[in-house]
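Visitor: I'd like a close look at a single part of this model, with the cut-offs spelled out as we go. Could you put it on screen for me?

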Amino acid sequence: MLRFFQRPPELKSIREIGLMREAGKLVARALRMCREMVKPGLATIELDGAVDALFTQHGALPLFKGYPGKVPFPAATCISLNEQVVHGIPGPRVIREGDLVKIDTACKLNGWCADAAITVPVGEVRPEWRRLIRVGEEVLAIAIAEMGQRKWWSEVAMRMQQHAEAAGFSVVKQYVGHGIGRTMHENPQVPNFVNRDVRKHRFRLEEGLVLAVEPMLNMGREDTLTLKDHWTVVTRDGLPSVHMEHTLAITKAGILVITADEDAQAMAPAPQPG
C-alpha cells in the first residue's frame, strides 16, 4: 500500500472528467441491466455475457477481462455471492432466492475508465442481510457527502469505518479503492478505514481528483481468504459480505458521481455551511 501512498494522485481536467462520465454512464447502464436480470435460476455467466455484449456494442473495452494475476481474469464482470466478498468468477452457478449478488464491472471508453459495483438482494432476503446492504449503501453515501467537506481522505475513511462498525459490521481492510483515469488502477490507493499507515500517508482531497471508492462490509469478522481459483475472495467465517462502488470526481461545482445512472442526479448535493 505504501508504494501507492508515496506517489501523488493524477489530477484530471474538467474535459477529462467529462470523458470519464461517458464511460461511467455505460458502466451504470450495465449494472442497471444486471439488476433487472437478477432472479432465481439465472446462471452468473449469463449476467457476464450480457455486460460483455453491451460493452462490445458501444466500442468499450471490458477492463476486467484478461486482468493479470496468477491466472488472467476470464470475464467482464466480477460476480460474488453471499460469503464471496469480491472477484468472483462468473460461471454455471445458479442464483437462488435469498442470495446477495455483488456485481462489479469497469470499462474503458474513448481512452477513459470508470468502475462501479452494486449488491442486489434476490427475492426474500433475511432482514439482517438487508440491513447489511443498507449500511453498505449508507457508507458509500457518507463517502460522497464527506468528500465535498473534508481536506484529507483519511477523514472521510474514518467516518466510513465508524458508521459500519457502529452498525455492528466490519470493514474489509485487505482490499481498497483506487485512483482511476486512463487506466483502471492509478494512485492513490483509497482505504475505507483508518490506521497508522493511512494517517501517515494521507492524501489531500483537491479539485481534479478522481477516485473509485468501494466499501466492502462483512457481517462477521473482517478476515478473508482467496479460493483456489486465485481470484474469488471469501469471508473466513462464511458470513455474508456486501460491496458497493462508485467512481467519484472532485470538481469546482462539487462531487460528480461519474458512475451515476444516466437518469439519476450525478452531482452530489453541495455541502452546507456550518
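Which residues of helix 3 are buried?

Guide: First, some ground rules: this is a predicted model, so local features need pLDDT of at least 70 and side-chain atom pairs count only at pLDDT 80 or more, while totals for chains, interfaces and linings use all residues. Residues are numbered from 1 along each chain as its sequence is written, and side-chain values use heavy atoms, with hydrogens and water left out.

Now to your helix. The buried residues of helix 3 are Thr44, Leu47, Asp48, Ala50, Val51, Asp52, Leu54 and Phe55. Buried here means under 20% relative accessible area, exposed means over 50%, and partly exposed is what falls in between, with a 1.4 Å probe and protein chains only. Helices (H or I, at least four residues) and strands (E, at least two) are DSSP runs, numbered from the N terminus. Helix 3 covers residues 44-57, 14 residues in total, and runs 20 Å from its first C-alpha to its last, close to the 20 Å expected at 1.5 Å a residue. That expected span is 1.5 Å times one less than the number of residues. After the helix comes glycine 59, with a positive phi near 70°.

What do those buried residues pack against? Helix 2 (14-37), strand 1, strand 2 and strand 4 (100-109), where contact means heavy atoms within 4.5 Å. Take aspartate 52, which has its place in helix 3: it is buried, at a relative accessible area of 16%. Leaving aside residues up to four places away in sequence, aspartate 52 touches Pro62, Lys65 and Ala76.

Lysine 12 sits in the loop between helix 1 (2-5) and helix 2, and at 10% relative accessibility lysine 12 counts as buried. Its contacts, not counting residues up to four places away in sequence, are Ile17, Met20, Trp112, Ile180, Gly181, Glu186, Gly208 and Val210.

A search of the whole structure finds two aromatic pairs. Rings of Phe, Tyr and Trp (its six-membered ring) pair if their centres lie within 6.5 Å; planes under 30 degrees apart count as stacked, over 60 as edge-to-face and the rest as tilted. Phenylalanine 73 and tryptophan 231 are edge-to-face, 5.2 Å centre to centre with 85° between the planes. This pair links distant parts of the chain, 158 residues apart: phenylalanine 73 is in the loop between strand 1 (61-62) and strand 2 (77-81), and tryptophan 231 is in the loop between strand 11 (224-226) and strand 12 (233-235). Both phenylalanine 73 and tryptophan 231 are buried. The other pair, tryptophan 153 and phenylalanine 203, is stacked: 6.3 Å centre to centre, 0° between the planes.

Most residues other than glycine have a negative phi, and most peptide bonds are trans. Asparagine 82, not a glycine, has a positive phi of about 55°; it lies in the loop between strand 2 and strand 3 (84-86) and is buried, with a relative accessible area of 10%. Histidine 230 also has a positive phi, near 75°. Histidine 230 is placed in the loop between strand 11 and strand 12 and is partly exposed, at a relative accessible area of 41%. The peptide bond from asparagine 187 to proline 188 is cis, with omega near 0°, and proline 188 is found in strand 8.
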